[in-house]
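Here is a short briefing for a first look at a protein model. Please view the sequence and the structure, then read on.

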Amino acid sequence: LFAWAYRTKPDFKRKVDYFLVKLPVVGGLITNTDIYKAMLELEVLYSSGVSFETALRKVIESTKNEAVRDAWKYVLEELAGRGTPFYLAIQENPFIPDSVVFFIAASAAKADYSEGFRTARELMEKALNVRLEFIEETVSPTIMLAMTIFVFFTIFAFYAPVFSILTKRLQ
């Protein structure tokens, strides 16, 4: 039922996506992944001679999360509608870290955005690796602890009636 609603109801998908982005661990993973993919696409498309507007349209099409997609749409509106330079328009995207904006702005000063996109992509890749390592180090012990507690209570629930029967017979 949830999967059906997520696929067929755009408002429901939007609400779920905005909720997922706000979650502590999952939200950062989602946004970092989407920004990494966007920087990779922008790097390749810009290096191929594609305009910022066309490249951003491709990024918007490929972004799955509605919250991140809306942020990219805002950047495109700033760039195309108001004529704001890309490095300034990208500052308004709440999902892009300041360090990424810094590398893109620095590359704008050199008039070589592809270098800024490459550096930003590498930075996002490192951030993703750090998040994934954190998840690996945190989730595994948490699951082990939860399973230990579950097994303890299962064994206790199985043997508690036996102890009850034994104490009644001893009285």
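Where is Thr84 found? Thr84 lies in the loop between α5 (66–81) and α6 (86–89). This is a predicted model, in which local features need pLDDT of at least 70, side-chain atom pairs count only at pLDDT 80 or more, and totals for chains, interfaces and linings use all residues. Residues are numbered from 1 along each chain as its sequence is written, and side-chain values use heavy atoms, with hydrogens and water left out.

**Overall build**

- The protein has 8 helices and 0 strands. Helices (H or I, at least four residues) and strands (E, at least two) are DSSP runs, numbered from the N terminus.
- Along the sequence, the pattern reads α-α-α-α-α-α-α-α.
- The radius of gyration is 24 Å, well over the 16 Å that the globule rule gives for 171 residues, so the protein is more spread out than a compact globule. This radius is taken over C-alpha atoms, and the globule rule is 2.2 Å times the number of residues to the power 0.38.
- Along the principal axes, the C-alpha atoms fill a box of roughly 90 × 35 × 25 Å.

**Surface and contacts**

- Of the 171 residues, 31% count as buried. Buried means under 20% relative accessible area, exposed means over 50%, and partly exposed is in between (1.4 Å probe, protein chains only).
- The protein exposes about 11100 Å², and carbon and sulfur atoms supply 65% of that area. Accessible areas come from the Shrake-Rupley method with a 1.4 Å probe; for residues, only the protein chains shown count as cover.
- Take the contacts between residues at least 6 apart in sequence: 53% of them join residues at least 24 apart. Contact means heavy atoms within 4.5 Å.

**Helices α2 and α3**

- Helix α2 covers residues 10–22 and helix α3 covers residues 24–47. They pack at an angle of about 105°, with axes 5 Å apart. Axes are lines fitted to C-alpha atoms, for helices over the stretch in contact, and angles run from 0 to 180 degrees between N-to-C directions.
- α2 and α3 are therefore roughly perpendicular to each other. Angles under 35 degrees count as roughly parallel, over 145 as roughly antiparallel, 65 to 115 as roughly perpendicular and the rest as oblique.
- From α2, the contact uses Leu20, Val21 and Lys22. From α3, it uses Pro24, Val26, Gly27, Ile30 and Thr31.

**Residues in helix α3**

- Asn32 sits in helix α3. Asn32 is buried, at 9% relative accessible area. Beyond its neighbours within four places in sequence, Asn32 is in contact with Met124, Ala127, Leu128 and Arg131.
- Asn32 and Phe163 are 131 residues apart along the chain, and their C-alpha atoms are separated by 54 Å.
- Asp34 also belongs to helix α3. Asp34 is buried, with a relative accessible area of 9%. Its contacts, leaving aside neighbours within four places in sequence, are Thr63, Asn65 and Val68.

- Is Thr84 buried or exposed? Thr84 is buried, with a relative accessible area of 17%. Not counting residues up to four places away in sequence, Thr84 touches Glu78, Leu79 and Ala89.
- Ala109 is in helix α7 (residues 98–110). Ala109 counts as exposed, at 71% relative accessibility.
- Ala109 and Tyr87 are 22 residues apart along the chain, and their C-alpha atoms are separated by 9.7 Å.
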